[in-house]
Amino acid sequence: MRFGILGPLQVGAGEATVTAGRDRTVLAMLLLRANRIVPVEELVDAIWEERPPATARAQVQTCVSRLRRR
């Protein structure tokens with residue numbers, strides 16, 4: 001699978017552009033740590049920094065699910 005990170009963030013051969021802010025952040029974090037486990041807490045910190053909502057974990061799981069579908 002190919003990822004385009006300069007210009008629009010794209011997955012595949014330009015077929016899917018990731019525009020949602022949280023999805024972009026999650027994908028960027030996963031790409032920066034390729035072939036390694038990224039704890040949910042790190043993704044939550046990357047998205048919300050200081051004050052994550054109570055539903056942060058579920059929202060990250062939703063972002064990952066959307067990215068997998070692409």
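Tutor: Fine. Glutamine 61 is found in helix H3. Keep in mind that this is a predicted model.

Student: Is glutamine 61 buried, exposed or partly exposed?

Tutor: Glutamine 61 has a relative accessible area of 49%. Buried is under 20% and exposed is over 50%, with partly exposed in between, so glutamine 61 counts as partly exposed.

Student: How far is its C-alpha from that of valine 40?

Tutor: The two C-alpha atoms are separated by 8.5 Å, and the residues lie 21 apart along the chain.

Student: OK, stepping back. What is the order of the elements?

Tutor: Starting at the N terminus, they run β-β-β-α-α-α. That comes to three strands and three helices.

Student: How do H2 and H3 pack?

Tutor: Their axes are 10 Å apart, at an angle of about 95°. Angles of 65 to 115 degrees count as roughly perpendicular, so H2 is roughly perpendicular to H3.

Student: Which residues meet there?

Tutor: From H2, Val40, Glu41, Leu43, Val44, Ile47 and Trp48; from H3, Ala56, Arg57, Gln59 and Val60. By type, the residues of this contact are seven nonpolar, one polar and two charged.

Student: What does valine 60 touch, leaving out its neighbours within four places in sequence?

Tutor: Valine 60 is in contact with Val40, Leu43, Val44, Ile47 and Trp48.

Student: And H1 against H2, at what angle do the axes cross?

Tutor: At roughly 135°, and the axes come within 10 Å. H1 and H2 are therefore oblique to each other. The crossing of H1 past H2 is right-handed.

Student: Which residues make that contact?

Tutor: H1 contributes Arg22, Thr25, Val26 and Met29, while H2 contributes Glu42, Leu43, Ala46, Ile47 and Trp48. Those residues divide into six nonpolar, one polar and two charged.

Student: How many residues are in the largest nonpolar core?

Tutor: That core has 13 residues. Val26, Leu43, Val44, Ile47, Trp48, Val60 and Leu67 have the most contacts inside it. Helices H1 (21-32), H2 (40-48) and H3 (56-69) each supply at least two residues of the core.

Student: Last topic, the whole chain. What share of the residues is buried?

Tutor: Of the 70 residues, 24% are buried.

Student: And what share of the contacts is between residues 24 or more positions apart?

Tutor: Among contacts with a separation of 6 or more, 31% are between residues 24 or more positions apart.

Notes:
Residues are numbered from 1 along each chain as its sequence is written. This is a predicted model: local features need pLDDT of at least 70, side-chain atom pairs count only at pLDDT 80 or more; totals for chains, interfaces and linings use all residues. Side-chain values use heavy atoms; hydrogens and water are left out. A nonpolar core is a set of buried Ala, Val, Leu, Ile, Met, Phe, Trp, Tyr and Cys residues joined through side-chain atoms within 4.5 Å. Buried means under 20% relative accessible area, exposed over 50%, partly exposed in between (1.4 Å probe, protein chains only). Helices (H or I, at least four residues) and strands (E, at least two) are DSSP runs, numbered from the N terminus. Contact means heavy atoms within 4.5 Å. Axes are lines fitted to C-alpha atoms, for helices over the stretch in contact, and angles run from 0 to 180 degrees between N-to-C directions. Angles under 35 degrees count as roughly parallel, over 145 as roughly antiparallel, 65 to 115 as roughly perpendicular and the rest as oblique. A crossing is left-handed if the near helix is turned anticlockwise from the far one by less than a right angle, and right-handed if clockwise. Ala, Val, Leu, Ile, Met, Phe, Trp, Tyr, Cys and Pro count as nonpolar, Asp, Glu, Lys and Arg as charged, and the others, Gly among them, as polar.
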